[in-house]
Amino acid sequence: KTADLAGLPPGVPEHLRDEGIEELYPPQAEAVEAGVTAGESLVASVPTASGKTLVAELAMLSAVERGGKALYIVPLRALASEKKAEFERWEEYGIDVGVSTGNYESSGEWLASRDIIVATSEKVDSLVRNNAPWVEDLSCVVADEVHLVDDSHRGPTLEVTLGKLRKINPGLQVVALSATVGNPEDIAEWLDAELVESDWRPIDLKMGVHYGNAITFDDGSQREVRVGKGDRQTPALVADILDDDSGGDEDDGGGSSLVFVNSRRNAEASAKRLADVTGKRITSAERGELAEIAQEIRDVSDTETSDTLANCVAKGAAFHHAGLAAEHRSLVEDAFRDRLIKVISATPTLAAGVNTPSRRVIVRDWQRYDGDFGGMKPLDVLEVHQMMGRAGRPGLDPYGEAVLLAKNADTRDELFERYIWADAEPVRSKLAAEPALRTHLLATVASGFAHTREGLLEFLDRTLYATQTDEPGRLERVTDNVLDYLEANGFVERDGDGITATSVGHTVSRLYLDPMSAAEIIDGLRWASDHREEKLRELEGEAGGSTRENRADAEANAEAGFRRASEMVPDADDAEGDESEGEFETDRTYPTALGLFHLVCRTPDMYQLYLKSGDREEYTERCYEREPELLGNTPSEYEDVRFEEWLSALKTARLLEDWANEVDEDRITERYGVGPGDIRGKVETAEWLLGAAEQLTSEIDASATIAVREAKMRVQYGVRDELIDLAGIRGVGRKRARRLFEAGIETRADLREADKSVVLAALRGRRKTAENVLEAAGRKDPSMDDVREADAEDVPDA
Ligand code: ADP
């Protein structure tokens with residue numbers, strides 16, 4: 001009984017009871033018996049939705065009650081705020097909760113006053129590198145989804161971070177939450193923890209395969225679900241469960257579905273089709289509420305994705321993927337939990353962590369394109385089990401159903417073997433890969449965890465990798481390679497046995513850069529410094545206007561000028577002007593913004609855009625046109641892989657350039673085939689990398705600092721250089737800055753002096769906004785009372 005739990009802050013057991021949590025689930029009870037509320041380390045390997053979060057909360061709350069401090073490590077940024085919101089219900093019992101996301105390069109000192117801190121593993125790693133003082137005060141650390149140590153991109157960070165935290169704090173309680181994996185005992189051994197392993201679930205799960213006109217379940221039962229000739233399986237399955245009213249809830253109107261597909265495009269296409277199924281089945285009351293949610297979705301952003309999503313939601317269907325804006329995601333999740341949205345088509349990456357149970361889960365795509373593999377690859381059992389585990393809402397559904405789809409009997413049998421009867425794979429450390437070690441060895445040296453090669457190896461000996469490896473010399477060999485690399489690039493110095501980080505090495509580690517990214521940026525900036533005069537001459541020469549490109553520029557500019565003015569008029573037609581095509585900077589700073597964008601896009605820290613078919617030709621041509629701006633020698637076309645990467649970086653850099661040239665978000669999504677969330681992602685990464693480059697210039701060529709800072713601010717605000725000052729004012733985005741500028745208000749100083757009626761007109765008559773903007777710009781009398789909006793004719797260029 002939760003009421004009998006000892007060691008928690010007063011009030012917590014009663015609170016749990018009021019939430020309907022009166023008895024612990026069996027795995028939770030085992031965790032308590034293993035000492036999780038008394039400071040013991042624990043690995044809990046249990047199915048999705050069987051109450052792992054409560055185990056973590058019990059551990060953290062009792063740690064705080066004993067006078068300690070707890071850290072909850074999440075695998076995704078999107079989950080950090082969700083978990084924080086969940087833990088905030090303990091604030092009434094005196095528990096302060098803080099979340100640390102965002103800027104990598106800070107020690108987050110304010111977090112010292114919090115009892116529970118939520119952060120991603122990358123953020124924690126960075127806090128440790130920046131010597132956050134409170135890290136020493138931690139007494140309990142929770143690692144959510146610890147099986148992700150198996151992920152080759154992000155796993156090593158979690159692995160090393162847990163190692164460092166344990167080294168800083170030898171008595172640390174580690175609570176590791178894991179999906180059911182093949183080898184939880186390895187994780188427990190690595191963390192010196194008790195193991196709770198269970199396949200108990202709070203609600204029965206039936207797993208099956210749909211083929212022909214029926215689902216065959218693992219218990220041998222069958223359920224008829226007819227698919228008309230030429231029809232698809234998914235809509236039939238979604239309709240079937242919606243029309244089923246065997247659920248416990250009277251006004252449930254049947255059950256909801258979660259459909260997992262393998263790409264964003266498929267998620268959207270599937271949602272559009274499923275909207276026809278749900279649209280016919282919603283009540284008029286639901287239709288009204290859904291229309292309001294659809295409007296909220298449109299209010300978030302004015303993009304095609306937003307529009308498509310709103311259209312689907314109006315009919316009771318939605319899609320969910322990493323390209324969606326965060327506000328969109330939470331609107332969809334909430335409406336699904338409120339049972340207004342009847343079906344979500346999702347990509348696995350995000351939906352895996354989010355708590356959106358549903359009556360039926362349909363795993364439509366069990367294969368996904370894998371670039372490294374060069375083709376379609378079956379998903380891991382672990383991943384499919386996690387999707388399936390989302391089926392069934394305790395208390396609402398009689399049981400959950402997870403269904404895979406087969407087109408023929410052979411596939412049906414294969415799916416049973418591969419996923420339904422199979423156990424999840426074992427978790428394997430990915431630490432011994434060079435890219436991972438490059439980053440982590442430099443950080444380990446720079447933050448003083450090791451000063452010698454032996455010290456490093458000793459540290460690595462306490463990792464999961466060391467627990468698992470049966471190839472003794474491997475880690476040593478890779479370590480030596482990486483140390484050579486770090487030394488050759490000037491990040492560490494070796495003196496006999498001793499290893500120290502250089503000044504650049506410290507900067508790189510503190511900035512949370514992959515050393516290889518830092519090396520690329522440093523080389524590029526050095527190259528720019530050596531070639532400055534020559535490149536400036538080339539750029540000036542070409543600016544004369546002899547090339548075809550420059551003629552096209554002039555035309556594009558004329559059109560752009562027209563377009564900008566026309567945007568001042570409400571409802572102006574979004575003309576087909578291609579405002580940023582191949583445009584050179586007008587004021588010849590060097591390096592140019594595009595050159596710097598390309599440089600940071602070349603680094604392994606930037607996830608580049610793919611070249612689609614036809615892109616190679618297009619970007620090869622652009623590459624030669626813009627070559628004088630690029631910081632480094634373009635690889636020969638015969639160096640296939642390097643050349644291709646160079647072009648992908650250029651494509652990504654052009655997206656950033658469009659953004660910094662004030663091209664509409666919608667056009668960018670169209671032009672590059674990405675979602676609005678992707679633009680934000682690229683912009684944030686570029687901002688961070690350019691910020692790092694700015695700091696590195698002081699080590700190389702200080703004369704480039706201003707150009708780098710300007711490029712950084714242009715991506716940060718998404719504006720041309722003349723708007724940097726205005727766009728930096730709180731409440732003024734790129735569009736408002738442009739309208740103010742067109743109205744003759746070009747700087748903060750202008751705002752302090754400007755005719756208020758002109759400001760008001762430029763801000764489209766929004767008085768409150770105008771007041772806030774004036775106040776933020778430092779105006780003494782920001783009040784807009786009695787100010788009349790200037791007539792359109794008074795506003796220059798309008
Ligand atoms: P997991 O993290 O294992 O996927 P969650 O922690 O999200 O699962 O739990 C799923 C749901 O079960 C949550 O809504 C939670 O409130 C509920 N829950 C957890 N423990 C209990 C319990 N002992 N009794 C009733 N409900 C519980």
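The largest share of the shell around the ligand comes from helix H3 (residues 52-65), which supplies 3 residues. Helices are DSSP runs of H or I with at least four residues, strands are runs of E with at least two, and both are numbered from the N terminus. The model is predicted: local features need pLDDT of at least 70, side-chain atom pairs count only at pLDDT 80 or more, and totals for chains, interfaces and linings use all residues. Residues are numbered from 1 along each chain as its sequence is written, and side-chain values use heavy atoms, with hydrogens and water left out.

In total, 14 residues surround the ligand, a residue being near a molecule or strand if one of its heavy atoms lies within 4 Å of it. The closest are Glu23, Gln28, Ala49, Lys52 and Thr53. By class, the shell divides into 6 nonpolar, 6 polar and 2 charged residues. In this division Ala, Val, Leu, Ile, Met, Phe, Trp, Tyr, Cys and Pro count as nonpolar, Asp, Glu, Lys and Arg as charged, and the others, Gly among them, as polar.

Polar contacts are pairs of N or O atoms within 3.5 Å; within protein, one atom must be able to donate a hydrogen and the other to accept it, and residues adjacent in sequence count only if both atoms are side-chain atoms. An oxygen atom of the ligand lies 2.6 Å from a backbone N or O atom of alanine 49. A polar side-chain atom of threonine 53 is placed 2.8 Å from an oxygen atom of the ligand. For glutamine 28, an N or O atom of the side chain is 2.9 Å from a nitrogen atom of the ligand. On its own the ligand has 570 Å² of accessible area, of which the protein covers 72%. Accessible areas come from the Shrake-Rupley method with a 1.4 Å probe, and for residues only the protein chains shown count as cover.

Alanine 49 belongs to the loop between strand E1 (42-45) and H3. Its phi is near 70°, a positive value in a residue other than glycine. Alanine 49 counts as partly exposed because its relative accessibility is 42%; buried means under 20% relative accessible area, exposed over 50%, and partly exposed in between (1.4 Å probe, protein chains only).

Serine 62 is also part of helix H3. With a relative accessible area of 0%, serine 62 is buried. Apart from neighbours within four places in sequence, serine 62 is in contact (heavy atoms within 4.5 Å) with Gly7, Leu8, Val36 and Thr37. The side chain of serine 62 reaches the backbone oxygen of threonine 37 at 3.3 Å, and a polar atom of that side chain lies 3.1 Å from the backbone oxygen of alanine 59.

The domain assignment, which is automatic or from a database, divides the chain into domain 1 (2-197), domain 2 (205-420), domain 3 (434-510), domain 4 (516-718) and domain 5 (727-794). Between the C-alpha centres of domain 1 and domain 2 the distance is 30 Å.

A positive phi is also found at arginine 339, near 65°, again in a residue other than glycine. Arginine 339 lies in the loop between helix H12 (326-337) and strand E13 (343-346), and its relative accessibility of 23% makes it partly exposed.

The peptide bond from tyrosine 590 to proline 591 is cis, with omega near -5°. Proline 591 is in the loop between helix H22 (548-567) and helix H23 (593-601). Helix H23 is mostly covered, with 9 of its 9 residues buried. These are Ala593, Leu594, Gly595, Leu596, Phe597, His598, Leu599, Val600 and Cys601.

Arginine 767 is located in helix H33 (residues 767-776) and is partly exposed, at 37% relative accessibility. Apart from neighbours within four places in sequence, arginine 767 is in contact with Leu760, Met784 and Val787. Polar atoms of the arginine 767 side chain lie 3.0 Å from the backbone oxygen of methionine 784 and 2.9 Å from the backbone oxygen of valine 787. The C-alpha atom of arginine 767 is separated by 20 Å from that of glycine 728, 39 residues away along the chain.

The buried residues of H33 are Thr769, Ala770, Glu771, Val773 and Leu774. Their cover includes helix H30 (734-742), helix H31 (748-753) and helix H32 (756-762). Glycine 778, which follows H33, has a positive phi near 90°.
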